[in-house]
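Student: I would like to learn how to read cores and interfaces. Where do we start?

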Amino acid sequence: MSLSVQELRVYYQTLHGEVRALDGVSFSIADGEIMGLAGESGCGKTTLGYSLVRLSPPRRLVSGRAVLDGEELPLGDPDAMRRFGWKGVSIVPQFAMSALNPRRRIGGMIAELLAARKLRYLELLPELERRLDLVRLPAAVLAMYPFELSGGMRQRMVLVLSTLLNPSLLVADEVTSALDVSIQRAVAQLLAEFRDRGLVKSMLVITHDLAVLYQIADTIAVMYAGKLVEKASADVIIRAPRHPYTRLLISSLPEIGARHARCRLKGIPGQPPSLLNPPLGCRFRARCPAVSDQCGEEPPLREVAAGHQVACWQQPC
Amino acid sequence: MPRYFARKLLIYALTFVLAVTIDWLIPRFMPGDPIANMLARVSVNTNAAQVMHDYYAHVFGLDLPLWRQYLNFWGRLLQGDLGISLYLFPTPVTQVIARALPYDILLLVPAILLSWFAGNRFGALAARNRWLDNVVSPVAYLFTAMPYMWLAILLAWYLGLVLGILPIAGAYAFSLHPAWSAAFGLSLLQHWFLPFLSLFLVGFGGQAIGMRNLIIYELEADYARYLEALGAPQRLVRKHAFGNAMLPQITGLALALGVVVAGALVTEVVFSYPGIGSLLLAAIQRQDYFLIQGCFLFIIIGVLLGNFIVDIAYVVLDPRTRRGMTGEPA
Amino acid sequence: MTPSVPGREFLYFAWRNGKLRFGLALVLFFLGVALLGPLLTHYPPLAYLNPLGAEAPSATYWLGTTCFGQDVYTQFVLGLRAAFLVGLLGGGMATLIGMLIGFMAGYRGGLVDEVLNVLTNVVLVIPTFAVLLIAAAYLQVRSVLMECLFIGLTAWPWAARAIRAQTFSLRTRDFVDLARLSGMRPLKIVFTEIAPNMLSYLVMTFILQFGGAILMAATLDFIGLGPTNAQSLGLMMQTAVLWGALPLGAWWWFIPPGLAITAIVGALYVMNVGLDDVFNPRLRERS
């Protein structure tokens, strides 16, 4: 078991009160597993990713714990988390294209980062160059400034840098969403390749793009309004989802392999609830086509089949 | 990079031409007649005044067509001829100014550079430490809000008169004559200190606030958040933020030059420091128009030169401009 | 940079912000003194009243007298009025010109932007103080309004640069595109779509220009190029220095004018920091 997260609650402090961006989320990721995390924007998936890396104000840890390789992560203490950054939990952030300091040579910056961990740049250089080769970047980029690279090159550079110390968990946050459709696949494949080669032990891939997850993820977790609503293997989520929200999410996608023109895309009517004052009971209630009286009570995340968890009262157990 | 410099030089050239034009234009188109003003001080009868007026108009070339006057003005300017000072007749304006100039350099260069360095240092410290921030920031805001001359007056009054530890007038003791001696050097330094201090403090305030705000802004930037996510120690993240905040601060230095120069002028007046500021005040009070024009030109040239030096520093420090990626620094 | 705080809510957070409250209170206090102060004095500002010359504050002369026996309080309150007038008109004019040029350059882009940018940079590089100085030096009679005009005409580049950058980033937003597509005229787009969305920015620019104009006027007045027919704080400081207030130890003569300027300009800066906190939630959360 690489990572296990229990009852994680993270709130944003705002002027209007606390926004419950993450309201009791539990899951685990096995060694070698790529877990996808899907959901609409604002459902808390990026917050979840960031919480495992570095929780800083205005985000606040309310409760919950995370254990990585048998060691508890000090999620609420950003300073103590430094020790786990990069080597324990690393991240390819959403803003990967602007993640490198524009006024530093890339190699110099990496050397500084390594020196801060008492590691020698020159010792790691051969490995670094090998990995650059893996993502098809020339070793010459190390002598360049970030603005001399294209957006895609910068993103691959960040991928190499983030995984340089072979992290136990890599959080990849919306890495494909800013890219052309034509290269999305290639980048997704690259992520899988990093895992296959053991450069990254396990991975949490956050995206709103289920097609990407279907391509590389072993398991997929679906989030809605700060909670996990369903988690199962990628195949099951795509082919046999049980939660009404997941079903709508899947049906709102063009069918994989199908021609676009044949089925009209359906959006999900309505808006997700405000997380400032989330309603009691099931949070999907207001938009759910299968709502019943029972939904006034909050449905727990229950195992409905081996490795398949759903948070909905409608599920026949 | 050549494009960057070409653009900058174009702006400086335009500025210079515009400034010289203003310098030429204003005396000619402002209401009031400089020659009449000048003659008003010597009481002569109207006929004689008319004759003298015509004579001076001819001497100063005011009876020529305007475009000729304008060209003549440029011609003389390029030969370094700024006319003769009326109040220090018959010393050429350039000579009068050349005598005052060293004092300005002595005052301005250390004040600008030291306030910039110290301001950046303290601003960066303030951005790091909440306790220090609560001390440095209010003090810095107080200094920037002060009119230069008032701070100068306060310092002169308190340190010079109440405590009586520093002289408050002139560039050296009246009893001394300029010489390469220790006594003279010490006197020079003593007289220099208070004007310097008042310029330094106001500049320090502005720079410290600028640096503090820039660092806080930079710490929110994507690269800073990424470094933190990789577990970089705070020291390293701040080092990167400081490096990036430096560039806008350099541009800010150029933009502040005009303000500092204005501050220096009034500070000199408070301390009777014999630089261009005191000279200008005397010229204005005695309506010595050639001297006013000359001082104006020197100030313009000084500021343009300062801007150019800053530009060079910017290019040296910014890889982006150096590699010709962009032509326009923030 | 997201000034989309609705009105009522803005007032609520503005009121909760201590810096804003403090700054505003101080500015309003001095404004009150400037408006009401002159009503409480019947001395002419330049009359030689006190035969003893410079005298410390007393019941007769609230802020003492100058070495000519003039009433400092009268000069001070009148000078304060002039300072607010210069701030309002000079700073206001600089902001307006800056808006005009900034909007035009930022919205039109292209050649217009290029030309205006060069113009802005030229005026930015010129030490405007020197220009003011030479212009003022040639005018025999100068009024407060003329001083405002001079300051307004030279202080705008700061505002123009900032507003141009903001306009530039707003220009490509969806709501502006929508307005453009629906055939709205550029001028109307600028004033109905862009300006309201950077209102906070404009307010803060105006506040800074207000303070800058007061400082600039004080400097001009101090060097003897202020209004020839009016009282001003800078002029008070000049006469104080020239007529030996320092060796006389007549602190009541030179402290009040500088203190008032420092307090007003400082309060304006503090207000701006407060406004920044209110408009900029990210900064707000830091403190």
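Tutor: Start with one residue, C:Leu80. Beyond neighbours within four places in sequence, C:Leu80 is in contact (heavy atoms within 4.5 Å) with C:Phe30, C:Val33, C:Ala34, C:Leu233, C:Ala260 and C:Ile264. This is a predicted model: local features need pLDDT of at least 70, side-chain atom pairs count only at pLDDT 80 or more, and totals for chains, interfaces and linings use all residues. Residues are numbered from 1 along each chain as its sequence is written, chains are lettered from A in the order written, and side-chain values use heavy atoms, without hydrogens and water.

Student: Which residues have the most contacts inside the largest nonpolar core?

Tutor: In soluble globular proteins, nonpolar side chains tend to be buried together. A nonpolar core is a set of buried Ala, Val, Leu, Ile, Met, Phe, Trp, Tyr and Cys residues joined through side-chain atoms within 4.5 Å; buried means under 20% relative accessible area (1.4 Å probe, protein chains only). Here the largest has 167 residues, and C:Leu80 and C:Phe222 have the most contacts inside it.

Student: What is the area buried between chain B and chain C?

Tutor: Interface size is often given as the accessible area lost when the parts come together. Buried area is that loss (1.4 Å probe), summed over both parts. Here the value is about 4800 Å², with 77% from carbon and sulfur atoms. B:Trp150, B:Trp157 and B:Leu255 supply 13% of the area that chain B buries against chain C, more than any other three residues.

Student: How many salt bridges cross the interface of chain B and chain C?

Tutor: A salt bridge puts a side-chain nitrogen of Lys or Arg within 4 Å of a carboxyl oxygen of Asp or Glu. The rule finds one across this interface. The side chains of B:Arg7 and C:Glu114 meet in a salt bridge at 2.9 Å, N to O.

Technical notes: Buried area = accessible area lost by both parts, 1.4 Å probe. Buried < 20%, exposed > 50% of the residue type's maximum accessible area, 1.4 Å probe, protein only.
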